[in-house]
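Take a moment with the two chains below.

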Amino acid sequence: MSEVGAQAWLLEFSRDQVAAVGMHELLEILSRPKLYHVPMASARCHHVLVWRDEILPVVDFSADPTSESDQAAPGGAVTAIAVYQTVPGEPLRHGALQLNGMPRTITVADNMACALPESHSSLSELAISCFSYENLAIPVIDLTRVFERNSR
Amino acid sequence: MSAASAIVGSVVSGWIACTFDDITLLIPMEDAGARVDADELVPSAQRLELGMLRWQDELWPAYRLDRELAPVEWQTSPTTVVLPVYANGQARGIVCDQIRSLDHPVAVSLYPIPGCLRERPSPVIALGLYATLRVGLVVRSDSLIRHLDATLGDSAR
């Protein structure tokens with residue numbers, strides 16, 4: 001984030017779960033793509049979709065992580081295709097995020113930085129920083145952590 | 001050894017796509033036998049066994065699985081088809097809605113399972129793209145049989 005501000009995407013997973021990623025980290029929005037169930041996975045991530053000949057995991061932060069049920073379909077209104085890189089120089093990887101609505105762009109400046117509140121429990125372990133926006137503490141999430149490590 | 005063979009750990013000459021409850025298992029042809037119709041099964045008194053299939057002079061149970069790959073009670077119908085899977089001298093039957101042969105090793109493109117989908121130990125070893133961008137779950141018969149036995153507990157054969 002520079003002094004004059006940087007553009008970011010604001011992502012609403014549910015009414016009380018909002019996070020941000022960098023402008024370059026979202027590629028495309030899909031409306032209700034075909035999802036495929038993967039057994040013995042977590043409540044938050046048990047679907048994949050096909051995008052440009054790739055199989056991508058679909059992460060839904062609005063899902064109850066304590067639920068054992070696989071019946072609950074992802075509640076997202078739209079699906080965002082995200083891009084990330086595990087190590088500089090390695091090929092780009094992709095994943096999908098279920099969102100409650102269309103992501104929107106915001107401008108984030110250094111003076112908006114704030115501490116991560118306890119209430120962001122499900123997103124806090126994925127956050128690399130946090131900023132204050134419209135009286136909310138918005139975690140900036142690390143997509144490598146979102147897609148590459150086990151989720152509960 | 002092809003990329004597919006490297007992932008599944010042995011030579012793969014083709015695949016069987018076995019579909020039930022809107023999921024598809026992709027099983028190497030080497031692990032499976034020819035489909036069996038429900039009326040060919042020997043009746044079983046066990047609650048979760050839909051019948052027994054005959055293989056190498058022994059009878060082996062056939063199960064219908066749910067979307068979490070756990071055996072469930074199921075009412076067979078005239079259209080019920082069973083896929084026999086074999087490993088280490090054992091057999092099991094998987095009750096399917098549809099069985100399809102993909103007669104070439106590259107009919108399925110294999111992808112590793114992303115980290116966020118690896119929650120628990122699972123017989124699924126990879127994800128597969130087949131038949132115009134459909135997604136299936138790649139399993140070997142030995143790990144599937146072990147999974148069924150573990151799910152059913154010590155009372156399973």
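Helices here are DSSP runs of H or I with at least four residues, strands are DSSP runs of E with at least two, and both are numbered from the N terminus. This is a predicted model: local features need pLDDT of at least 70, side-chain atom pairs count only at pLDDT 80 or more, and totals for chains, interfaces and linings use all residues. Residues are numbered from 1 along each chain as its sequence is written, while chains are lettered from A and ligands numbered from 1 in the order in which they are written.

Now step back into the helix itself. α2(B) covers residues 141-152, which makes twelve residues. At 1.5 Å a residue it should span 16 Å, and its end C-alpha atoms are 16 Å apart, which agrees. The expected span is 1.5 Å times one less than the number of residues.

Which residues of α2(B) are buried? They are B:S141, B:L144, B:I145, B:H147 and B:L148. They cover an arc of only 160 degrees around the axis, which puts them on the same side of α2(B). The arc is that of the directions from the helix axis to the C-beta atoms. A residue is buried if 20 or more other C-beta atoms, placed from the backbone, lie within 10 Å of its own; it is exposed if 12 or fewer do, and partly exposed in between. The buried residues of α2(B) pack against several strands of chain B, including β2 (23-28), β5 (58-65) and β12 (134-139).

What about the rest of chain B? It has two helices and twelve strands. Along the sequence, the pattern is α-β-β-β-β-β-β-β-β-β-β-β-β-α. The radius of gyration of chain B, taken over C-alpha atoms, is 15 Å, close to the 15 Å that the globule rule gives for 157 residues, so chain B is as compact as a globular protein of that length. That rule is 2.2 Å times the number of residues to the power 0.38. The C-alpha atoms of chain B fill a box of roughly 40 × 30 × 30 Å along the principal axes. Of its 157 residues, 39% count as buried.

Turn to chain A. Its secondary structure comes to two helices and eleven strands. Of its 152 residues, 36% count as buried.

Start with strand β1 (residues 6-14) of chain A. It pairs with β9 (residues 104-108) of chain A in the antiparallel sense over five bridges. Strands pair if DSSP finds at least two bridges between them. In β9(A), the bridge partner of A:W9 is A:T105. β1(A) also pairs antiparallel with β2 (residues 17-22) of chain A, over six bridges. There, A:L10 stands opposite A:A20. A hairpin of two residues joins β1(A) to β2(A).

Chain A also has an open sheet of six strands, with mixed pairing and the order β3-β7-β8-β6-β5-β4. Its edge strands are β3 (26-30) and β4, and each pairs on one side only. Inside that order, β6(A) and β8 (residues 93-99) of chain A run parallel, joined by two bridges. A:V59 has A:L97 in β8(A) as its bridge partner.

Finally, how many residues does each chain give to the contact? Chain A gives 20 and chain B gives 20. Residues are in contact if their C-beta atoms, placed from the backbone, lie within 7 Å. Among the elements giving two or more residues on the side of chain A are β5 (47-51) and β6 (54-59).

Note on methods. Two residues are in contact if their C-beta atoms, placed from the backbone, lie within 7 Å.
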